[in-house]
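This report describes one protein model for a reader who has not seen it before. The sequence and the structure come first, and the description follows.

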Amino acid sequence: MDFELTEEQKMFQSMLRDFVDNEVAPNAAAWDESEEFPTDAIHKMTELGLFGLHLPEEYGGSGDDLTFVLACEELARGSGGLSSIYITTVSLAIGPIVMFGNEAQKRTYIPRVANEGATVAFALTEAMAGSDVAALDTRYLREDDHFVLNGTKIFITNGAEADFLVAFATRDKSLGYKGISAFIIDRNAPGFSVGKLEKKMGLHPASAAELVFDNCKVPAANLLGEEGQGFKVALRAIDSCRVSIAAQSVGLAQAAYDAAVAYAKERKQFGVEIARHQGIQFMIADMAVDLDAARLLTYRAAWQQQQTGEVSAKEPSMAKLFASEAAHRIAHKAIQVHGGYGYTKEFAVERIYRDQRIMELFEGTSEMQRWTIARQITGLK
Ligand SMILES: Cc1cc2nc3c(=O)[nH]c(=O)nc-3n(C[C@H](O)[C@H](O)[C@H](O)COP(=O)(O)OP(=O)(O)OC[C@H]3O[C@@H](n4cnc5c(N)ncnc54)[C@H](O)[C@@H]3O)c2cc1C
């Protein structure tokens with residue numbers, strides 16, 4: 001076994017750490033407060049080539065799965081919200097076009113992300129279709145050379161800013177998952193609009209928007225994959241994005257851990273640094289073990305993906321499940337180490353605690369991950 005990163009990966013990690021320490025982390029609290037989309041940071045990330053990572057070279061991309069995971073982790077260490085905007089674009093939302101797009105679609109859309117840092121959204125969830133995605137109710141029908149979509153999506157990350165999105169609709173609900181198709185929708189498509197923006201607990205710089213399709217006209221050329229293949233498109237996109245949510249959890253956990261260790265060595269109570277009290281030492285040790293285990297599971301899943309070129313269902317689910325729940329435990333302890341100060345906005349752990357909570361919910365809740373893992377183990381559907 002070789003746990004060493006390559007020289008190239010180490011150089012990339014070090015460059016990214018500088019960027020995160022100097023240009024992301026110092027702004028994270030202000031972005032959280034203003035809830036504004038961090039346009040300047042997105043421009044700088046485009047210049048650094050971060051939006052091309054993980055995308056095919058022939059369409060302007062570069063980098064391997066592990067390098068991409070390092071980027072997700074580092075960005076999340078600086079800002080959970082910024083990392084969510086990034087991961088949604090580069091993995092969840094453009095992923096379906098990479099995996100199922102035809103040549104013309106790939107040539108049109110992938111370079112816009114890789115070279116121009118376009119923002120993309122993935123619109124699947126609806127009011128009555130969350131974990132049970134096949135229950136979606138947005139309808140489509142074909143008319144001449146275009147499709148017409150009607151329905152409403154909710155909670156869509158990047159929904160308010162997306163330059164284009166991948167959306168899912170059904171031809172006939174009675175067909176179940178076989179009726180679902182995927183479409184690429186341009187932001188200015190007639191009949192498309194952004195509705196309510198959620199006021200949420202964390203990830204404030206990333207929007208979670210309602211998207212409305214009101215007789216939305218989509219050219220036939222924007223059908224993604226074959227008609228009736230949408231359910232597969234959605235599941236493959238979610239599967240292949242899972243490891244990046246694990247990495248995001250690791251980055252948030254690292255930030256909470258770093259803050260807790262630094263504070264414990266500084267803060268004095270009963271005449272000594274609190275890090276000298278065994279109760280605090282035990283929390284630090286538990287955080288370190290959780291963080292290491294989460295990182296190892298995450299890197300293993302990315303490494304396996306890189307070696308095989310396949311996305312397995314089990315290992316990324318294990319990594320996402322463990323890392324997201326570890327991030328929760330670590331953020332909880334980090335606040336405990338800070339005492340009452342950790343409950344105030346003066347300290348980053350308050351924001352990190354709010355940002356990490358969603359990791360156990362989106363891209364498949366922890367219950368869905370356990371279900372996936374158990375089905376892989378037992379072979380029972
Ligand atoms: C900030 C944010 C960003 C998001 N971004 C996007 C996005 O970009 N695109 C998108 O399409 N969606 C997005 N979502 C939606 C997200 O993926 C869903 O919220 C998530 O899949 C859960 O669906 P739900 O909220 O309807 O919960 P439900 O499915 O209603 O689940 C409620 C509870 O029941 C449990 N449960 C459900 N079914 C079972 C079962 N069979 N066995 C055991 N337990 C079960 C769940 O685990 C959960 O604990 C986002 C959500 C949020 C909050």
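In what follows, Ala, Val, Leu, Ile, Met, Phe, Trp, Tyr, Cys and Pro count as nonpolar, Asp, Glu, Lys and Arg as charged, and the others, Gly among them, as polar. The model is predicted: local features need pLDDT of at least 70, side-chain atom pairs count only at pLDDT 80 or more, and totals for chains, interfaces and linings use all residues. Residues are numbered from 1 along each chain as its sequence is written.

Helices (H or I, at least four residues) and strands (E, at least two) are DSSP runs, numbered from the N terminus.

The domain bounds come from an automatic or database domain assignment.

| Domain | Residues |
|---|---|
| domain 1 | 7-114 |
| domain 2 | 120-228 |
| domain 3 | 232-378 |

Two residues are in contact if their C-beta atoms, placed from the backbone, lie within 7 Å. Across this pair, 11 residues of domain 2 are in contact with 9 residues of domain 3. The side of domain 2 that touches domain 3 has 8 nonpolar, 3 polar and no charged residues.

Of the 381 residues of the protein, 51% count as buried, meaning that 20 or more other C-beta atoms, placed from the backbone, lie within 10 Å of the residue's own. A nonpolar core is a set of buried Ala, Val, Leu, Ile, Met, Phe, Trp, Tyr and Cys residues joined through C-beta atoms within 7 Å. The largest such core has 121 residues, and Leu 165, Phe 183 and Ala 256 have the most contacts inside it. Helix α7 (residues 230-266) gives the most to this core, with 20 residues. Leaving aside neighbours within four places in sequence, Phe 183 is in contact with Phe 147, Leu 149, Ala 167, Ala 169, Val 218, Asn 222, Leu 223 and Leu 224.

Conventions: A residue is buried if 20 or more other C-beta atoms lie within 10 Å of its own, exposed if 12 or fewer, and partly exposed in between; C-beta atoms are placed from the backbone.
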